There are 2 protein chains.
Amino acid sequence: MQLDWLSEPTAPLNESSRQAAEARQAQLTKPPGSLGELESIAIRLAAMQGAACPTLDHAHISVFAADHGVAAEGISTFPQSVTLEMVRNFARGGAAISVLAQQLNATFEIINLGTVKDDESLQGVHHQRIAPGTANFTQQPAMTAEQLTQALDAGRQSAARAVEAGNHIFIGGEMGIGNTTSASALACALTGMPADQLAGPGTGLDQSGVNRKTEVIQQALKLHQTALDDPLETLRRLGGFEIAALTGSYIACAQKGIPVLVDGFISSVAALVAVSIDKEAKEWLLFAHKSAEPGHVRVLEALEAQPLLDIGMRLGEGSGAATALPLLRLACALHNDMATFAEAGVSESDA
Amino acid sequence: MQLDWLSEPTAPLNESSRQAAEARQAQLTKPPGSLGELESIAIRLAAMQGAACPTLDHAHISVFAADHGVAAEGISTFPQSVTLEMVRNFARGGAAISVLAQQLNATFEIINLGTVKDDESLQGVHHQRIAPGTANFTQQPAMTAEQLTQALDAGRQSAARAVEAGNHIFIGGEMGIGNTTSASALACALTGMPADQLAGPGTGLDQSGVNRKTEVIQQALKLHQTALDDPLETLRRLGGFEIAALTGSYIACAQKGIPVLVDGFISSVAALVAVSIDKEAKEWLLFAHKSAEPGHVRVLEALEAQPLLDIGMRLGEGSGAATALPLLRLACALHNDMATFAEAGVSESDA
């Protein structure tokens, strides 16, 4: 398996569709700009989809799950068994992202890339097991080169399935006990910010837990410090299978020309890795929400991203992105279905 | 016609349903609090609806339209004819709120309380004409006592129709060229803040236009200064038919026990009047978004309200509330449909 595909070019945006959408927005029966971000979203989607009137009828959600060796350092309040338990919960429809996918009438797939224990009997789960979790990155690189390649490719495959089935937007989600520690370490390496700026409570650490997590990240950054110039090598050493899969899916979406709606902290770190590998990929990323996880705002700043929602969510699984999707759909409906001043016989502003 | 109904008590919240909803949230398969405001919304709705599992399947949208005498002072970039033109656009499905109502599968009604010109041929519009617009409140009170009574009652009637048809939530919207000037004047009178803190660009004034608007408000506040202690008298002197109708609808919703999703600047001023008349009404109000109209944040502060969205919308019509509705519906779906830790066999946190 190769990584050559990562260097293929991203799809171009359609400038004439963007201009057509801008012109349309200016003619709709409302004061210019009065729909705020809903206007800019519709225009960006028009440029991505090469259509003056974009659509998001068919949405695809892939949730990647994997375990993390660094969980041995005691950086989560939940036991590691929860990763597989939640995979089961995803498959049976009881998790937040399962409920959201059903409400949104979205395609929903779960990809188990390596939980410590496996359960191959689960219906509706893609079993793409790489290993029973990553290695503990305070001791050694989280992944081998082959494992990183497999994880990135799993993301590429999900993006390909989403496109082949005719979906209009891709949402990635993640599950993995310990993965805010991995994501925080990656963000430190990619932004140069200190660990205490990026480590947060995750699923619910108290202050002494956050301090412990900060120390674990500092230890890992020290161990790997001479190898953190390259984003792929950084991902291999500090990442997780599910984070690498998200990175691969985002790059593949940009190459295939399907918009991505990025979820919260961990997904945004995967987006930061993707943009570090190919800065053009950013054109295809829409950011759904600002997580309550304190490091997220710093990752968003590094991406120069303005997310749509700020409602204190911090669950992951793709749940923030799924929650924002109806707003993007309404942005399209308003753009496509509102009357123009001429059609409606409404007088225009004299401003 | 009487105003006695305004002093009837608001419906009580159901504390046992609130507690049941809180207990349920704590058992769902997610870290506690990780769905952010979606959790508190579901719990508030449970208390309002008297059900541990609330629902918002059926939503009602009433848009009230009327003209304003103060438009003669040159405080809008749009001609006054636009109010009726937009009523026509609402009825024909071309306006933002029309598109949103259709997307949300909401009941949608338009109530024309008094545009300068009328068009009784319009299908689907409630013709409850009070007068061809209010009087210019820089010269005299905007309304007579009888007109205020009629406008408040029009709102009460809309709330009654919403409840009788079995709706789960009420959204009010407004249309009226000049109505940000009226709303700003009302907000000044109710909060004591100066006009330059509450006057903004509305549909698109430049700075000299905002300065003119500020002067117009100052002139009105001076004229009516001895009569602004009472919220109803303030509403009569500085309000508009559509703003008074919104106020009446909010109070009636609180009395009848149906949740209200409040839109932007003008709707929030109507809410401030409602809460000034009956502070208990606030328990029934959910705030949808922070408008780009600069005075809105000050009105929200006066209401101690935390709106859900902040996406630069400033259109009115109820559009911001309609845009936020899907998030409230997802809050209910997550609350009602997610599995508990016990149901899913997921281990809990040791925190």
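Tutor: Before we start, a contact here means heavy atoms within 4.5 Å. Please keep in mind that this is a predicted model.

Student: Among contacts in chain A between residues at least 6 apart in sequence, what percentage join residues at least 24 apart?

Tutor: The count takes in contacts of chain A whose partners are at least 6 residues apart in sequence. Within that set, the share joining residues at least 24 apart is 75%.

Student: What mean pLDDT does chain A have?

Tutor: The model as a whole scores ipTM 0.97 and pTM 0.98. In chain A, 99% of the residues reach a pLDDT of 70 or more, and the mean for this chain is 97.

Student: Why is chain A described as being as compact as a globular protein of its length?

Tutor: The secondary structure of chain A comes to 14 helices and 6 strands. For its 351 residues the globule rule gives 20 Å, and chain A counts as being as compact as a globular protein of that length because its radius of gyration is close to that value, at 20 Å.

Student: How far apart are the mean positions of the positive and negative charges of chain A?

Tutor: Chain A carries 22 positive and 38 negative charges.

Student: Is A:Thr10 buried or exposed?

Tutor: A:Thr10 is found in the segment before helix H1 (15-27) of chain A. Leaving aside residues up to four places away in sequence, A:Thr10 touches A:Ala254, A:Gln255, A:Asp278, A:Glu280, A:Ala281 and A:Trp284. Its relative accessible area is 17%, and because buried means under 20%, A:Thr10 is buried.

Student: Which residues of chain B does A:Leu327 touch?

Tutor: A:Leu327 belongs to helix H13 (residues 319-337) of chain A and is buried, with a relative accessible area of 0%. Not counting residues up to four places away in sequence, A:Leu327 touches A:Leu38, A:Leu308 and A:Leu309 in chain A. Its partners in chain B are B:Leu309, B:Ile311, B:Thr323 and B:Leu327.

Student: What distance separates the C-alpha atoms of A:Leu152 and A:Tyr250?

Tutor: A:Leu152 lies in helix H5 (residues 145-164) of chain A and is buried, with a relative accessible area of 0%. Among the residues it touches are A:Trp5, A:Leu232, A:Ala244 and A:Gly248. A:Leu152 and A:Tyr250 are 98 residues apart along the chain, and the separation of their C-alpha atoms is 9.8 Å.

Student: What is the phi of A:Asn105?

Tutor: A:Asn105 sits in the loop between helix H4 (96-103) and strand E2 (107-114) of chain A. This residue is exposed, with a relative accessible area of 67%. Although A:Asn105 is not a glycine, its phi is positive, at about 55°.

Student: Is B:Glu304 buried or exposed?

Tutor: B:Glu304 lies in the loop between helix H12 (296-302) and helix H13 (319-337) of chain B, and its phi is positive, near 50°, in a residue other than glycine. Its relative accessible area is 61%, and because exposed means over 50%, B:Glu304 is exposed.

Terms used
Residues numbered from 1 in each chain as written. Chains lettered and ligands numbered in written order. Predicted model: local features only at pLDDT ≥ 70, side-chain atom pairs only at ≥ 80, totals over all residues. Heavy atoms only, no water. pLDDT = per-residue confidence, 0-100. Helix = DSSP H or I, 4+ residues; strand = E, 2+ residues; numbered from the N terminus. Rg over C-alpha atoms; globule rule 2.2 N^0.38 Å. Lys, Arg positive; Asp, Glu negative; His and termini not counted. Charge placed at Lys NZ, Arg CZ, Asp CG, Glu CD. Buried < 20%, exposed > 50% of the residue type's maximum accessible area, 1.4 Å probe, protein only.
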